[in-house]
Amino acid sequence: MVGVDPDRQEVDLDSGKTFAYDWLILATGARHSYFGRDDWAQHAPGIKSIEDATAVRHRVLLAMERAESETDKARRDALLTFVVIGGGPTGVEMAGAIAELARQSVSMEFRSITPHCSRIILIEAGSRILASFPPALSERAEASICQLGVEVMTGVRVEGVSECSVRIGEEVIPARTIIWAAGVKASPAAEWLGVESDRSGRVPVDAGLHPAGEERIFVIGDTAACDGADGRPLPGVAPVAKQQGEHCARVIAATLSGRKIPTFRYRNFGSLATIGRKRAVADFGRIRLSGFPAWVVWCVAHIWFLAGFRNRLLVGANWL
C-alpha cells in the first residue's frame, strides 16, 4: 500500500493496482523507532512479530553456545552480556525472560556456563522503568527484576550501538546481544492520507476515529493518535486497538441501518506487565498488585484473550 485517494475512494498499491472501497479501516500498526539512528537497527533488533521474537531467541541461544567454547575471557564476557534498551513493558519483560533463561536454564544445558556468568543490563533514559505505571509499582518491578540478576540503569541515554558494544556517555559496554525496546513510530499512513502526523507519525483522529473529517475512513490502533477521556493520547496497546475495531463495526452497522452513530469511548481495564516467572505488576486503578498474585492475573488474562478454545486449553496446559 502506497497511497489513499479519498475523493475516488481508492487504495493504491506499489504494484500499480488500485482497490475501490466503501469503507476503509487503516490499522497498519507501528515500526521500531531508532530516533534518527536507523543504522542501529542491524545491531539492535526489536520485537514486533513472531519472526522478530524467533530471531532474538536464536541470537541469545547462539551467543551462549559460542561462549561455551570461547577461550578468550574478554570475548566470552561480551558473548554473555545481554543489553536491553528501553524500560517499558516490552523491555522489562524481555530482560526478565533473558535473565531467567541465562540464570536458571543454563545449568542443565551447558557445562562451563554457570548462572553467574551472564550479565543482563536494562537501560532506560527516563528516571524509572515502567513509567506508565504508578511509581510504587515501578519500584516493586525494579526490585523484582534486580532479584533476577538484571542490572537496571535509569536516567542514561544510549549514544552509540555497534555490532559488539553499547556506548553510554564515556562508558562502552562490550555486548554481542543487544535488543531494542525503546521506541516505536507509526506506519506511513499520514503520508498516504496527506495529513500532518504527530511526533510518533500517528494520524490525528476525531471522536469517531476519522482523520480530517473523512467519514468513510477510520484510523485505529498504533496508527491513530486518539485522545482519551482525560485528554491524553491513548497508549499503543492491544485493548485500545480491539475496542477501536469493534467501534468501527458498530459505526458501519449503525450507518447502514439508519441508526444514531456512536462516538468512541475507551474503557481502560488496567495494565499488566510480567517481569519473570511468578513476578508481575498489575494496575487496575484503585487495585494494584505485584509479585505472584499479579503474575497469576497476567497468566489468566493472556490465556483468556487467546483466539479459540483449543489454543486456550493447550497454552494453559503447557504453562501448568
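This note goes through a helix pair, the nonpolar cores and one serine.

1. The model is predicted, so local features need pLDDT of at least 70 and side-chain atom pairs count only at pLDDT 80 or more, while totals for chains, interfaces and linings use all residues. Residues are numbered from 1 along each chain as its sequence is written, and side-chain values use heavy atoms, with hydrogens and water left out.

2. Helix 7 (residues 292-304) packs with helix 8 (residues 309-319) at an angle of about 155°, and their axes are 9 Å apart. The two helices are therefore roughly antiparallel (an angle over 145 degrees, taken from 0 to 180 degrees between N-to-C directions, with axes fitted to C-alpha atoms over the stretch in contact). Helices are DSSP runs of H or I with at least four residues, and strands are runs of E with at least two, numbered from the N terminus.

3. The largest nonpolar core has 33 residues, and among those touching the most other members are Met64, Ile98 and Ile145. Such a core is a set of buried Ala, Val, Leu, Ile, Met, Phe, Trp, Tyr and Cys residues joined through side-chain atoms within 4.5 Å; buried means under 20% relative accessible area, with a 1.4 Å probe and protein chains only. Helix 3 gives the largest share of this core, seven residues.

4. Serine 187 lies in the loop between strand 13 (184-186) and helix 5 (189-193). Serine 187 is buried, at 6% relative accessible area. Beyond its neighbours within four places in sequence, its contacts (heavy atoms within 4.5 Å) include Thr28, Trp192 and Thr223.

Terms used
Parallel < 35°, antiparallel > 145°, perpendicular 65-115°, else oblique. Buried < 20%, exposed > 50% of the residue type's maximum accessible area, 1.4 Å probe, protein only.
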